[in-house]
Amino acid sequence: MIEFIPKILSGAKATLLIFFMTLIFSLPLGLPICFMRMSKNRFVKGIATVIISILRGTPLMLQLIVWFFGPYYIFGIRLNSDWRILSIIIGFSINYAAYFAEIYRAGIESIPIGQYEAATVLGYTKTKRFFKIIFPQMVKRVLPPVTNEVITLIKDTSLAFVVAYAEMFTMAKQVAAAETTIVPLFVAGLFYYIFNYLVAFILEKIEKSFNYYS
Amino acid sequence: MNIFEIKNCKKSFDGIKVIDDISFNVKEGEVLAIIGSSGSGKTTLLRICTFLQYMDDGEMSYLGEKIVTSDNGASRYIGQNELSIDALNNNKELIKIKSNFGLVFQNFNLFPHWTVLRNVMDAPISVEKRDKDEVEASAMKYLKKMGLETKAMRYPCELSGGQQQRVAIARALCLEPKIIYFDEPTSALDPELTGEILKVIKDLANENKTMVIVTHEMNFARDVADRAIFVDNGVIVEEGDAHELITNPKMERTKKFLQKYN
């Protein structure tokens with residue numbers, strides 16, 4: 001019974017790879033998308049609105065398929081086997097960046113106008129005003145919704161099965177089918193839960209570290 | 001010498017005239033009180049003086065330097081071609097001029113994520129590129145003057161409203177402005193805390209600081225200001241010696257307004 005554990009662990013490694021790479025790229029990428037979405041330029045804002053709408057309005061699973069097969073079916077480009085994990089990371093990162101962009105926007109828009117005005121009168125440039133005064137306050141405000149997304153991301157990694165990537169849930173299903181037992185699926189579920197518990201714990205700690213002001 | 005001068009200032013919002021041809025100046029060491037009912041255009045006027053809002057037409061100068069000129073019925077700001085708040089915010093030339101004035105807001109607008117000391121110190125260091133040690137000494141001097149030297153390492157949320165407003169005044173002073181604007185500095189405070197802020201402003205007046213104060217505290221304006229202007233419906237109805245204007249107004253509208261305070 002216990003021999004399937006290494007297989008699930010190798011799947012867990014793949015899951016963690018998707019998870020961390022997606023966070024590394026999508027958290028910062030959300031910011032420029034957010035700026036575009038808030039731009040006074042109607043064209044730029046329009047592009048961001050459409051992109052966000054498509055990314056949020058279609059299944060992530062479908063987006064992963066498009067990223068993986070798109071280069072070949074649309075442009076006829078043949079890519080090597082590395083493209084599988086690359087396309088997964090691109091698909092996840094861009095999809096999550098769209099959600100983060102909207103969370104950041106809500107955070108920025110919730111900062112009182114007086115903060116901007118005080119900074120402007122004191123002579124801060126637009127860039128300094130954002131990075132010194134608005135951004136740090138925004139981070140505190142967006143942490144709870146960002147935590148939500150991060151937890152969802154861990155579970156969403158299982159969608160990578162759609163391009164035949166051997167992440168944890170795919171491995172668990174394979175073992176379950178081969179051994180005709182449901183136990184591997186529960187073991188995978190337990191891994192997801194433990195990992196999410198850790199993530200929630202860490203993010204809550206970070207959230208608390210901002211409690212020194214209100 | 002005129003520290004500040006504004007001439008024929010006009011401002012409308014969506015076709016509604018908020019300021020209709022207002023002119024006044026502020027001399028060095030003078031305290032000017034601006035009084036008037038809510039919605040009379042006082043705050044808009046102050047926002048125009050501090051570049052938070054642009055005027056549609058008129059002229060403005062700081063220390064004799066023309067910042068805004070009137071050109072074919074529209075105002076023209078130095079360093080920008082377009083009339084918009086964005087253009088004002090992005091105007092690099094105005095940043096230098098902003099160091100001439102400070103603004104104290106009705107609801108303080110301190111930066112909540114910074115300590116009291118950093119609130120006071122950051123702009124002189126990061127905007128004016130002054131020496132950190134020199135700025136820290138200066139910031140502590142102003143905090144001491146405000147009776148807040150023991151609160152330097154506290155955060156704004158740990159202070160009372162009156163203390164927060166005193167930090168805001170120290171923040172404005174630390175940039176060594178030539179003129180300080182106060183936009184109803186006591187309107188968010190209870191009567192007890194109002195007293196402590198008014199005392200601080202009175203002390204500044206005794207040191208011959210140049211100030212423009214928008215206020216509803218008539219007794220305070222009468223005793224502390226040198227001159228007063230009464231604004232109603234976007235025009236100056238009456239102006240003159242503060243004590244005279246408030247105790248013995250000439251115009252009917254001024255009398256009617258001041259009656260509400262007695």
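Student: How many residues of chain A are in contact with chain B?
Tutor: 18 residues of chain A are in contact with 20 residues of chain B. Contact means that the C-beta atoms of two residues, placed from the backbone, lie within 7 Å. Keep in mind that this is a predicted model: local features need pLDDT of at least 70, side-chain atom pairs count only at pLDDT 80 or more, and totals for chains, interfaces and linings use all residues. Residues are numbered from 1 along each chain as its sequence is written, while chains are lettered from A and ligands numbered from 1 in the order in which they are written.

Student: Switching to chain B. How is it divided?
Tutor: Into domain 1 (2-100 + 179-259) and domain 2 (109-176). Those bounds come from an automatic or database domain assignment. The centres of the two domains, taken over C-alpha atoms, are separated by 25 Å.

Student: Where do the two domains of chain B touch?
Tutor: On the domain 1 side, the largest share is four residues from helix α7 (residues 191-206) of chain B. In total, nine residues of domain 1 are in contact with 10 residues of domain 2. The domain 1 side has seven nonpolar, one polar and one charged residues.

Student: What about the sheet of six strands, what's its order?
Tutor: β7-β8-β9-β3-β10-β11 in chain B; the sheet is open, with mixed pairing. Two strands pair if DSSP finds at least two bridges between them. The edge strands are β7 (101-104) and β11 (235-241) of chain B, each pairing on one side only.

Student: How do β10 and β11 of chain B pair?
Tutor: Antiparallel, over six bridges. Phe230(B) stands opposite Glu238(B) in β11(B).

Student: Which strands form a hairpin in chain B?
Tutor: β1(B) and β2(B), with two residues between them. Asp14(B) in the turn has a positive phi of about 50°. The two strands pair in the antiparallel sense over nine bridges. Ser12(B) has Lys17(B) in β2(B) as its bridge partner.

Student: Now the inside. How many residues has the largest nonpolar core?
Tutor: 83, and the residues with the most contacts inside it are Val120(B) and Ala228(B). A nonpolar core is a set of buried Ala, Val, Leu, Ile, Met, Phe, Trp, Tyr and Cys residues joined through C-beta atoms within 7 Å. The core draws at least three residues from each domain of chain B. Its largest share, seven residues, comes from α6(B).

Student: Is Ile47(A) partly exposed or buried, and why?
Tutor: Ile47(A) counts as partly exposed because it has 15 C-beta neighbours inside 10 Å. Buried takes 20 or more other C-beta atoms within 10 Å of a residue's own, exposed 12 or fewer, and partly exposed is in between, with C-beta atoms placed from the backbone. Ile47(A) lies in helix α2 (residues 42-57) of chain A.

How values were computed. Nonpolar A, V, L, I, M, F, W, Y, C, P; charged D, E, K, R; others polar.
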